[in-house]
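Reader: I am new to this structure and would like to learn how to read its features. Please give the general idea each time, and then the case at hand.

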Amino acid sequence: MATISGEFSVGMAAQAAEEGCPAIGRMVLDKRYEGALDAHGAGQMLATHGSVAGSAAYVAIETVTGRLQGREGSFALVHHGLMTRGQPSLDIGVVPDSGTGALAGLTGRMRIRVEGHRHFYDFDYDLPQG
């Protein structure tokens, strides 16, 4: 298992609510990863909030394309985030068998840190030698 860390930027563009689902927000994600993961992330996020302040949830699917420690390809991430009365939990994992090119066989989990207004990732992964 290898661990890398780096900074990323994220842009989000709100999309129109689906008819019949006004409480579910939809966003298009545009990310730029820097460091040992030099890549572009593109995806979509769905989010909603609870009736108590500080309670919410989001799910997202993201395709990451670029280089992971010099190996080129793409892979998908699935995000599952909950906020329970201000207490966050977040699980981000590599979608099984989503790796392409030199990233085929990639498995792993990602953590996100926000420090001030800057975003950082910590990525624990396994990648077959190739």
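Author: Start with pairing: two strands pair if DSSP finds at least two bridges between them. The model shown is a predicted one. In it, Leu82 stands opposite Ser89 in S6.

Reader: In which sense do S5 and S6 pair, and over how many bridges?

Author: In general, strands of a sheet pair through backbone hydrogen bonds, either parallel or antiparallel. Here S5 and S6 take the antiparallel sense, over 8 bridges. The two strands form a hairpin with 2 residues between them. In that turn, Arg85 has a positive phi of about 50°.

Reader: What is the pairing of S6 with S7?

Author: S6 and S7 are also antiparallel, over 2 bridges. Ile92 stands opposite Met110 in S7, and the bridge partner of Gly93 in that strand is Arg109.

Reader: How many strands close into the barrel, and in what order?

Author: The barrel is closed by 8 strands in the order S1-S2-S3-S4-S5-S6-S7-S8, with antiparallel pairing. On average, neighbouring strands of this sheet are turned by 25° against each other, direction ignored.

Reader: What is the volume of the largest pocket, and which residues are closest to its centre?

Author: The volume of the largest pocket is about 500 Å³. It is lined by 22 residues, and those closest to the centre are Met45, Tyr58, His79, Leu90 and Ile112.

Reader: Which strand supplies the largest share of that lining?

Author: S5 does, with 4 residues. At least two lining residues each come from S1, S2, S3, S4, S5, S6 and S7. By type, the lining of the largest pocket divides into 15 nonpolar, 5 polar and 2 charged residues.

Reader: Where does Leu90 lie, and which residues does Leu90 touch?

Author: Leu90 lies in strand S6. Leaving aside residues up to four places away in sequence, Leu90 touches Tyr58, His80, Gly81 and Ile112. His80 is 10 residues from Leu90 along the chain, and their C-alpha atoms are separated by 5.8 Å.

Reader: Why is Leu90 called partly exposed?

Author: The term covers what falls between buried, under 20% relative accessible area, and exposed, over 50%. Leu90 has a relative accessible area of 40%, so Leu90 is partly exposed.

Reader: How do the side chains of a regular strand alternate?

Author: As a general rule, they alternate between the two faces of the sheet. For a case to look at, take Leu90 in strand S6, one of the residues closest to the centre of the largest pocket.

Notes
Residues are numbered from 1 along each chain as its sequence is written. This is a predicted model: local features need pLDDT of at least 70, side-chain atom pairs count only at pLDDT 80 or more; totals for chains, interfaces and linings use all residues. Side-chain values use heavy atoms; hydrogens and water are left out. On a 1 Å grid over the protein atoms alone, a cavity is a set of points where a 1.4 Å probe fits but cannot get out, and a pocket is an open set with protein on both sides within 12 Å along at least five of seven lines; lining residues have an atom within 4 Å of a point. Grid points are joined across faces, edges and corners, and a volume is the space filled by probe spheres set on the points. Ala, Val, Leu, Ile, Met, Phe, Trp, Tyr, Cys and Pro count as nonpolar, Asp, Glu, Lys and Arg as charged, and the others, Gly among them, as polar. Buried means under 20% relative accessible area, exposed over 50%, partly exposed in between (1.4 Å probe, protein chains only). Contact means heavy atoms within 4.5 Å. Axes are lines fitted to C-alpha atoms, for helices over the stretch in contact, and angles run from 0 to 180 degrees between N-to-C directions.
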